[in-house]
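Please look over the sequence and the fold before reading on. The explanation below is meant to be read alongside them.

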Amino acid sequence: MSEVCVIVGASHAAAQLATSLRTEGWEGDILVIGDEPSLPYHRPPLSKAVLAGDKTLDQILIRPAAFYEKQNVQFRLDTKVTAIDLQSKTLTTSKEETIQFDKLALCTGARPRKLNIEGNHLGSVHYLRTAEDIENIQKNVAAGKKAVIIGGGYIGLETAAALRKLDVEVTVLEAMDRVLQRVTAPEISAFYNRVHAEEGVTIKTNTVVKAIEGSGSVQAVILDDKSRLEADLVIIGVGIEPNIELAQATGLSVDNGVLVNEFALTSHPDIVAAGDCTNFPAASGQRMRLESVPNAMEQAKSAAASICGNQKGYTANPWFWSDQYDMKLQIAGLSQGYDQVVLRGDYESGRSFVAWYLKDGKVISADCVNRMKEFMVAKKLILSGDSVDPARLADDSIDPREL
Ligand SMILES: Cc1cc2nc3c(=O)[nH]c(=O)nc-3n(C[C@H](O)[C@H](O)[C@H](O)COP(=O)(O)OP(=O)(O)OC[C@H]3O[C@@H](n4cnc5c(N)ncnc54)[C@H](O)[C@@H]3O)c2cc1C
């Protein structure tokens, strides 16, 4: 009888893992079980082109159904895996099936962190993680409506930009003293503040939400200074939490994510994990969780290799992007621990510049707004670990390829 690899979660990581299993030589069955109704789709466009109405859900599938058929990858959608029994190597689903596996991959991703405030159950209060969330938001959206977005991170700001395109009145509330505080330098926060103001978004920092008011649906958001903001809809984007409960209940090691090694192996030799749900060892030796598509894809390749008995070590190679208005931000590396920021280009009045993050004279990360060439160079500089002259990084007259 042929061996079975079951992948839990029909996600970005799952789509890559299933494909990589075939290229790594897996000849057995592959079954992907996901609790959403759709084949794996790209989540990043949800808060960008899909919300703005420029793309449909059909247009963001990672692969069409025909591709998986050709690869002989089976799907059970709308189905949650509720328990895993390691002794019998079976799992149970919400449809009360018992499914046998030889190898298992956990690609359970993450879910939005809930905001525990009065009124958070009201209709027209939304989170943004799934295609279904977008469909629900779109039912509440129309030109002239008032949207309050709680959380000034990338998802909140992208949502603001998409809603402005639909002529929605948007206010973003951020509890910290600047947007994107967790991930960027103050100059970048100031830049996004300015651009959103130019596009008609009101951003309120140092602002904590006390309650959401309404009967049935939202009418207003109440702030901690007791002021009241009228609202027709609220979108909450205050971070995510990894889906680790299934792994935990199975007895796998977890700690802010499913613990995996550099080969994406969990604490059980027949179980791998990949994507947002994992906590993995970074090159620095520290463990980390990354919430990004490129990371999910790379880790899935290692996971597939491990299942097939091959070893493909995985080093996080973080890069991210964010589309807002006419700006493409591309981020290379992780800026945590930087001791110097060098700016290149006009970030005070323009919309094209680079913020280089340095530590001990070496580039560790870069935020590149509408700067494709610098983004490519930044990736190379980060990998090389070479020291660079900050004055040259700042000099916009030097061709980036000569840096
Ligand atoms: C609006 C938005 C914008 C984003 N923008 C960017 C961006 O610009 N760039 C970027 O790099 N990243 C972006 N991200 C993050 C990126 O989408 C995630 O890093 C990526 O989706 C992670 O993929 P994953 O495979 O780990 O799992 P996920 O995409 O989280 O999928 C996991 C799936 O598993 C399912 N599942 C969980 N438990 C079970 C179970 N027990 N049984 C069955 N199914 C289960 C979940 O419901 C879900 O469908 C964005 C995310 C969102 C929501």
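Predicted model: local features only at pLDDT ≥ 70, side-chain atom pairs only at ≥ 80, totals over all residues.

Residues are numbered from 1 along each chain as its sequence is written, and side-chain values use heavy atoms, with hydrogens and water left out.

The chain contains nine helices and 26 strands; these are DSSP runs numbered from the N terminus, helices being H or I of at least four residues and strands E of at least two. The C-alpha trace spans about 65 × 60 × 35 Å along its principal axes.

Of the 403 residues, 51% are buried, where buried means under 20% relative accessible area, exposed over 50%, and partly exposed in between (1.4 Å probe, protein chains only). Among contacts (heavy atoms within 4.5 Å) between residues at least 6 apart in sequence, 61% join residues at least 24 apart. As for charge, there are 42 positive and 53 negative side chains, and the centres of the two sets lie 1 Å apart. Lys and Arg count as positive and Asp and Glu as negative, without His and the chain ends; each charge is placed at NZ of Lys, CZ of Arg, CG of Asp or CD of Glu.

Strand 24 (residues 340-346) and strand 25 (residues 352-359) run antiparallel and are joined by seven bridges; two strands pair if DSSP finds at least two bridges between them. The two strands form a hairpin with five residues between them. Within this pairing, Gly345 stands opposite Phe353 in strand 25.

Most residues other than glycine have a negative phi. Lys226, although not a glycine, has a positive phi of about 75°. Lys226 lies in the loop between strand 14 (217-223) and strand 15 (228-230), and counts as exposed because its relative accessibility is 68%. Ala264 also has a positive phi, near 65°, and is found in the loop between strand 18 (258-259) and strand 19 (271-273). With a relative accessibility of 1%, Ala264 therefore counts as buried.
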